[in-house]
Structure formats: C-alpha cells, structure tokens
Amino acid sequence: MSARIIDGKAVAKSVREDVAAGVAALEKDHGFTPGLAVVLVGEDPASQVYVRNKGIATREAGMRSIEHKLPADTSQDEVIALVRRLNGDDEVDGILVQLPLPGHIDANVVINEIDPDKDVDGLTEVNAGRLVLGKDALVPCTPQGSILLIKTVMEDMSGANAVVLGRSILVGKPLASLLLAENCTVTTAHSRTKDLEEVCRGADILCAAVGRPEMVKGDWIKPGAVVIDVGINRVDAPEKGEGKSRLVGDVDYDAASAVAGAITPVPGGVGPMTIACLLKNTLTAAKRRRGL
Ligand SMILES: Nc1nc(=O)c2c([nH]1)NC[C@@H]1CN(c3ccc(C(=O)N[C@@H](CCC(=O)O)C(=O)O)cc3)C=[N+]21
C-alpha cells in the first residue's frame, strides 16, 4: 500500500485565501487593514529568507507588513524597547520576533514582553497557559498547521492514539495540548522514552518533531497511520553534485509512505502551513483586539 500524500502547500494556499477574504471583509465592513510587525535581529541568512517570505505572504493576504531589521549587536534592552513600542502601536495587530536571537539576548525575556493579544506566534507564557486551559489562545503556528493537516484526512480524531515525538516549547508541547483538545489519547515521547519504537508503533497519529534527519523508520509506523513530519533538516546531497544539499524530515519518507495511510512530505508539508497559520493568527488578533 502507498500512503496518501497530504499536500501542505495546497492546504496552506486555501488557508491563505480564506485569510485574504477575511481581510477584505474587514476592510469593507470596518475600514481597517491588519498589520503584522516582524522583528529581525542580526544577519542570519536563513532568518533573512524567512522574514522576506513572511513579508511577501503578508502582503499577498492584503495585510500590512512592518519590518524592523536591527543589527546583530543590538542590546536586549533596545529590542525590548522596540517590542514595547509595537505593543502600544494601534496600527500593529501582530508581533513576531524572529528566532533564534543572537546569543547575548534572552529570547524568553523578549518574547514575554509581547502583548499576549498581539503574540501571533503564540509563544508568550499567557498564550501557553490559555492553550493548556482550553481558553481562546493565539496558538503556535506549526502545531496549529499540523492539526489542520491531520483534519484533511481524519474527520474525527476522538479516541485515536496520538504520539508526539519531541517536547519542545515551539512544537511538541503545544501540539500535545491541541491533540488532547481533539480528544486523542496523547503520548509525548522524547529522548528518554523507553521502547520508543514500540510506542511509535502504537500511534494512529504520529507527529515527529525532533529535528533528527530521517530518524523515524518505516517499521516504527502502524499500518494505515497518519504521519505528520514536522522536521525540516538540511542534509548533504552529494548525488546532486559537489556541495549540494536537500531538505529531509524527521521521518524516512520512502519507507514510511509504504506503511502509513497518509503522510506529509518535506518540503511541502507542515512548513507552508506555518506561514499560513501566522497570517491566520494575525487576522484573529486584529479582530479580537477590536472586539469583532
Ligand atoms: N518567531 C519565529 N516564528 C517562526 O515560526 C519561526 C521562527 N521564529 N524562526 C525560524 C522558524 C522556521 N520557520 C519555518 C517556516 C516555514 C517553512 C517552510 O515553509 N518551509 C518549506 C521549505 C522552504 C525551503 O525550501 O527552505 C517547506 O517545508 O515546504 C520553514 C520554516 C518558522 N520559524
């Protein structure tokens, strides 16, 4: 059997179209346009690409993109001062501080300065608390996108065994909370988990978010399972030529897709959903801030 391929790019496109329609409706009915502020500190090339892509996607959805690029030696206090200014700026509905930050800046401190109602990454303590308590949170984008992808192939997750591989603050922990909210029986597995392969083999929904290239093998997967590969790892690809690289997930895709019922590819799976959900959160934040 060969797994159904979950087309993250296509689902992301449809989410972005919905957001664009929502933005247009806000303009028409209420006369305002949501704005997303992105803060980038330093010149990390990968981060520059992400920030550029976010700006393009934001404008494509009809929203305003406000970009703040600060030099690598900007002090933590200066970054905090900027975040506070954006908190107080009524034209700004969402704030994203691009991670990672340079080593001399404590990301935790900076992130928690963001007004929780503008925290479109869902990374503040307030939004993490809201998520766990089942209140209206701004939900972290990658886990939110993962849930949307599962829903395209599974109508009802109720009672399903969901295994999340990885316990990061960005993905693993919030994803486990979201799966629980969908009435799954949730196991969070990690580097200390005993009999990891056996735990994975019990999963009706297996989400891999560990950042280890192709760690999950085909025989770890229950036949027919839904496999969500959150990993984006760049590995050498000498077969493509000297010095070339390619992207792989945390799952051995070829082996897994022979066993799974449905699977997300890398690239083209969860990645595109992250940006789509960022736009979705920005629209949500803009509406909630105005009591709509
Ligand atoms: N505050 C903050 N929020 C973030 O959400 C955040 C961040 N910092 N720092 C960096 C990571 C990384 N990230 C990605 C988003 C989309 C793709 C994506 O669309 N990837 C494409 C492939 C892109 C390629 O070809 O390189 C795909 O998987 O198909 C990847 C990675 C968001 N991040």
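Into which domains is the protein divided? The assignment gives domain 1, covering residues 31-115, and domain 2, covering residues 141-271. Keep in mind that this is a predicted model. The centres of domain 1 and domain 2, taken over C-alpha atoms, are separated by 29 Å.

One is residues 6-121, which the record names "domain: Tetrahydrofolate dehydrogenase/cyclohydrolase catalytic". In the model this stretch is 48% helix and 16% strand, and 24 Å lie between its end C-alpha atoms. The other is residues 140-289, which the record names "domain: Tetrahydrofolate dehydrogenase/cyclohydrolase NAD(P)-binding". Here the share of helix is 35% and that of strand 19%, with the end C-alpha atoms 18 Å apart.

Next, consider the protein as a whole. It contains 10 helices and 11 strands. Its radius of gyration is 19 Å, close to the 19 Å that the globule rule gives for 292 residues, so the protein is as compact as a globular protein of that length. Along the principal axes, the C-alpha atoms fill a box of roughly 55 × 45 × 35 Å. Of the 292 residues, 45% count as buried. Among contacts with a separation of 6 or more, 69% are between residues 24 or more positions apart.

Now find the open sheet. It is formed by 6 strands in the order β1-β11-β8-β7-β5-β6, and their pairing is parallel. The edges are taken by β1 (4-5) and β6 (185-189); each has a single partner strand, so one side of each is left without a neighbour in the sheet. In β11, Ile263 is the bridge partner of Ile5. Helix α6 (residues 141-151) lies across two strands of the sheet, β7 (205-208) and β8 (226-229), and runs at about 150 degrees to β8.

Another helix to follow is α7. Is α7 largely enclosed or left open? Of the 10 residues of α7 (residues 172-181), 8 are buried, so this helix is largely enclosed by the rest of the structure. The buried residues are Gly172, Lys173, Pro174, Leu175, Ala176, Ser177, Leu178 and Leu179. What covers them includes the helices α5 (125-133) and α6, together with the strands β5 (161-165), β6 and β7. Just after α7, Asn183 takes a positive phi of about 70 degrees.

Finally, go to helix α10 (residues 270-289), where Gly271 lies. Why does Gly271 count as buried? A residue is called buried if 20 or more other C-beta atoms lie within 10 Å of its own. Gly271 has 23 other C-beta atoms within 10 Å, and therefore it is buried. Leaving aside residues up to four places away in sequence, Gly271 touches Gly8 and Ile232. Gly8 and Gly271 are 263 residues apart along the chain, yet their C-alpha atoms are separated by 7.5 Å.

How values were computed. Residues numbered from 1 in each chain as written. Predicted model: local features only at pLDDT ≥ 70, side-chain atom pairs only at ≥ 80, totals over all residues. Pairing = 2+ DSSP bridges. Helix = DSSP H or I, 4+ residues; strand = E, 2+ residues; numbered from the N terminus. Contact = placed C-beta atoms within 7 Å. Axes fitted to C-alpha atoms, helices over the stretch in contact; angles between N-to-C directions. Rg over C-alpha atoms; globule rule 2.2 N^0.38 Å. Buried ≥ 20, exposed ≤ 12 C-beta atoms within 10 Å, placed from the backbone. UniProt positions renumbered as here; feature names shortened; annotations may be inferred. Domains from an automatic or database assignment.
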